[in-house]
Amino acid sequence: MNPRRLVLATLALAVALTLTACGGNDTDAPAKGSEKASAAAQPLPSPSAPAADGGRPVIKLPSDVTHAFDWGTTGDPVKDAVLADTEQRIKAVDLAIAEQDPLHEAYRFYSEGTAAAGSQRYIQEFVDHKARTTGFTRFYDADVTVHEDGTAALVYCEDQSRAFNKFLETGKTDVTPVTKNSYVIYAATVRKNGNGVWVTERLSSQRGSARCRP
């Protein structure tokens, strides 16, 4: 039994869930995938010094870590900004894993509160096991609802069927079989901060969602 991806995030109503998938032979392997924060998680401070490119971190991933964001554009500039910053948050977490840095400024630029705390613990799991992500991950079927209070709700799907763990000391990739649990639905609460960035504050996920399965 090997959890393919860590699913430990805070639900919108602060109810913590832990959902894992099985497969592979490395029982001590970290779970590769969706990071979640517990309801009791302590918020992380914002990064002290945003990186280059107009204040936004430069995110350059290893060549074997690729993503497809198949949700296009909505034609609404606010909703499109939410999706664009969500893409960067997702990439930033994989960058922190690749660089083995649980406090990497990139993901902290795009997340706050329990979402950031959950990402920190998720990245730390990879550091502890000397592992990182590899392969191709697809995101799709996004739905954004913008609220008058300056927040937005985002629901989207992830296809993890071609994404795996890679162990740094051996170079081995833990290839796991595709099951219904390879497909994950996410719900996020995002907020536009003072820098004009749509940061993720809360994040939840559930495996095997009928909405996300092919």
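Analyst: Happy to! A salt bridge here is a side-chain nitrogen of Lys or Arg within 4 Å of a carboxyl oxygen of Asp or Glu. Please keep in mind that this is a predicted model. Take D64 and R132: their closest N and O atoms are 3.1 Å apart, so by that cut-off they form a salt bridge.

User: Where in the chain do D64 and R132 lie?

Analyst: They come from distant parts: D64 sits in the segment before strand 1, while R132 belongs to strand 2 (residues 131-146), 68 residues apart. D64 is partly exposed, with a relative accessible area of 24%, whereas R132 is buried at 11%. The pair also belongs to a network of salt bridges that links D64, R132 and K166.

User: How many salt bridges does the structure hold?

Analyst: The general idea is that side chains of opposite charge can pair when their charged atoms come close. In this structure there are seven salt bridges. One of them joins R56 and D85, with 2.7 Å between the closest N and O atoms. R56 is in the segment before strand 1 and D85 in helix 1 (residues 77-98), so this pair ties together parts 29 residues apart in sequence. R56 is partly exposed at 26% relative accessible area, and D85 is buried at 6%.

Another joins D141 and R211, whose closest N and O atoms are 3.0 Å apart. D141 is partly exposed at 34%, and R211 is partly exposed at 39%.

User: What about rings: how many aromatic pairs are there?

Analyst: The count is eight aromatic pairs. To read one, look at the angle between the planes: over 60 degrees is edge-to-face, under 30 is stacked. W71 and Y156 have ring centres 5.6 Å apart and planes at 80°, so they are edge-to-face. W71 is in the loop between strand 1 and helix 1, and Y156 is in strand 3 (residues 151-167), 85 residues apart.

User: Is the pair of Y156 and Y186 stacked or edge-to-face?

Analyst: Stacked, because the planes are at 10°, with centres 4.9 Å apart. Y156 in strand 3 and Y186 in strand 5 (residues 183-192) are 30 residues apart in sequence, and both are buried. Together with F69, W71 and F139, these two tyrosines form one aromatic cluster.

User: Which residue lies over the face of Y140?

Analyst: That is R138, at 4.1 Å from the ring centre.

Notes: Residues numbered from 1 in each chain as written. Predicted model: local features only at pLDDT ≥ 70, side-chain atom pairs only at ≥ 80, totals over all residues. Heavy atoms only, no water. Helix = DSSP H or I, 4+ residues; strand = E, 2+ residues; numbered from the N terminus. Buried < 20%, exposed > 50% of the residue type's maximum accessible area, 1.4 Å probe, protein only. Phe/Tyr/Trp six-rings, centres within 6.5 Å; stacked < 30°, edge-to-face > 60°. Lys NZ or Arg CZ within 6 Å of the ring centre and 35° of its normal.
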